[in-house]
Amino acid sequence: MTATDGDSPEITDEVVLARYPHVRLDHLNKHFYRVLLGHRLLAGHCDQCDQWHTPLRPRCPHCWSEAVTPRPVRGRGAVYLLTLLHQGPPSPDMDYSTPWPLAAVELVEQLGLRVTATIVECPPERLRIGLPVELTWILRDGAPWPAFRPAEEESDVEA
Ligand SMILES: [Zn+2]
C-alpha cells in the first residue's frame, strides 16, 4: 500500500495483532487497523472512477478496478441509521446501563459511504437520524477505536 493511507511503517503486523486480539485480521484489513493506532480512519478509494467504499476491498465495488487505495477520511458525516443496544458482549469498557448507541454514519466524502461506530458525548435526547457528527476516538481493551460525537455547529461552515 502507498503512503496515502497514513501508514506508519514502524507499526508491524505483530503490533496490530497484539493491540486488536479479537479482530480477525487479514492482509487487507490490517491497514485499516494499523492506522487506527495513529487515530486515522481509512476508506477505500478508487483511482479509476474516483468513488469511495467501505470496508477496504481489493477491487472497486463500483467499477471493478483493482486501482484502489486506502485513504484517510475527514471524519465528518451524519447519522444514517441508529440502533440502541440494551445488551451485548461483555467487555470491561462497555456499560449497557443506558442504551448503547450504534450508528451507521454517512461520511461527507460520498453519498452512501458509511461506517459503523458508536456515538459518544451525546445526551440520549439529542440522538437522531441526520445528526451531524464528527470523528473522535475511544479506548477499548487499551486500543483506539473510532467513534463519533455531535459536530460543533460552527465547524459545519466551510471556510
Ligand atoms: Zn472504481
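Q: What makes a residue buried, exposed or partly exposed?
A: A residue is buried if 20 or more other C-beta atoms lie within 10 Å of its own, exposed if 12 or fewer, and partly exposed in between, with C-beta atoms placed from the backbone. By this count, 23% of the 159 residues in the protein chain are buried.

Q: What kind of model is this, and which pLDDT limits apply?
A: The model is predicted; local features need pLDDT of at least 70, side-chain atom pairs count only at pLDDT 80 or more, and totals for chains, interfaces and linings use all residues. Residue numbers start from 1 along each chain as its sequence is written.

Q: Why is S97 called exposed?
A: S97 has 6 other C-beta atoms within 10 Å. The limit for exposed is 12 or fewer, so S97 is exposed. S97 lies in the loop between β4 (76-85) and β5 (100-107). Its C-alpha is 8.8 Å from that of Q87, ten residues apart in sequence.

Q: Why does P101 count as partly exposed?
A: P101 has 19 C-beta neighbours inside 10 Å. Buried needs 20 or more and exposed 12 or fewer, so P101 counts as partly exposed. P101 is placed in strand β5.

Q: Which residues is P101 in contact with, leaving aside neighbours within four places in sequence?
A: They are L82, L84, T118, I119 and L127; a contact means that the two C-beta atoms, placed from the backbone, lie within 7 Å. P101 and A117 are 16 residues apart along the chain, and their C-alpha atoms are separated by 8.4 Å.

Q: How many helices and strands does the protein chain have, and what makes a run count as one?
A: The chain has two helices and eight strands. From the N terminus on, the order is α-α-β-β-β-β-β-β-β-β.

Q: Why is helix α2 described as largely enclosed?
A: Six of the eight residues of α2 (residues 29-36) are buried, so the rest of the structure largely encloses this helix. The buried ones are H31, F32, Y33, R34, V35 and L36. They pack against α1 (13-19), β1, β3 and β8 (143-150).

Q: Why do β2 and β3 stand at the edges of their sheet?
A: The open sheet has three strands in the order β2-β1-β3, with antiparallel pairing. β2 (52-53) and β3 (68-72) each have a single partner strand, so one side of each is left without a neighbour in the sheet.

Q: How do you know that β1 and β3 pair?
A: Two strands pair if DSSP finds at least two bridges between them. Five bridges join β1 (residues 42-46) to β3, so by that limit they pair. The two run antiparallel, and A43 has R71 in β3 as its bridge partner.

Q: What makes the pairing of the five-strand barrel mixed?
A: The closed barrel runs β4-β5-β6-β8-β7. β6 (residues 114-119) and β8 run parallel, joined by two bridges. In contrast, eight bridges join β7 (residues 132-140) to β8 in antiparallel fashion, and β5 and β6 also pair in the antiparallel sense, over five bridges.

Q: Where does a residue take a positive phi in the hairpin of β7 and β8?
A: D141 does, with phi near 50°; this hairpin has two residues between the strands.

Q: What makes a set of residues a nonpolar core, and how many residues has the largest?
A: A nonpolar core is a set of buried Ala, Val, Leu, Ile, Met, Phe, Trp, Tyr and Cys residues joined through C-beta atoms within 7 Å. The largest has 23 residues, and F32, L42, A103, V105, V133 and F148 have the most contacts inside it. The elements giving two or more residues to this core are α2, β1, β5, β6 and β7. Its largest share, four residues, comes from α2. F32 touches L42, P55, L56 and P70, not counting residues up to four places away in sequence.
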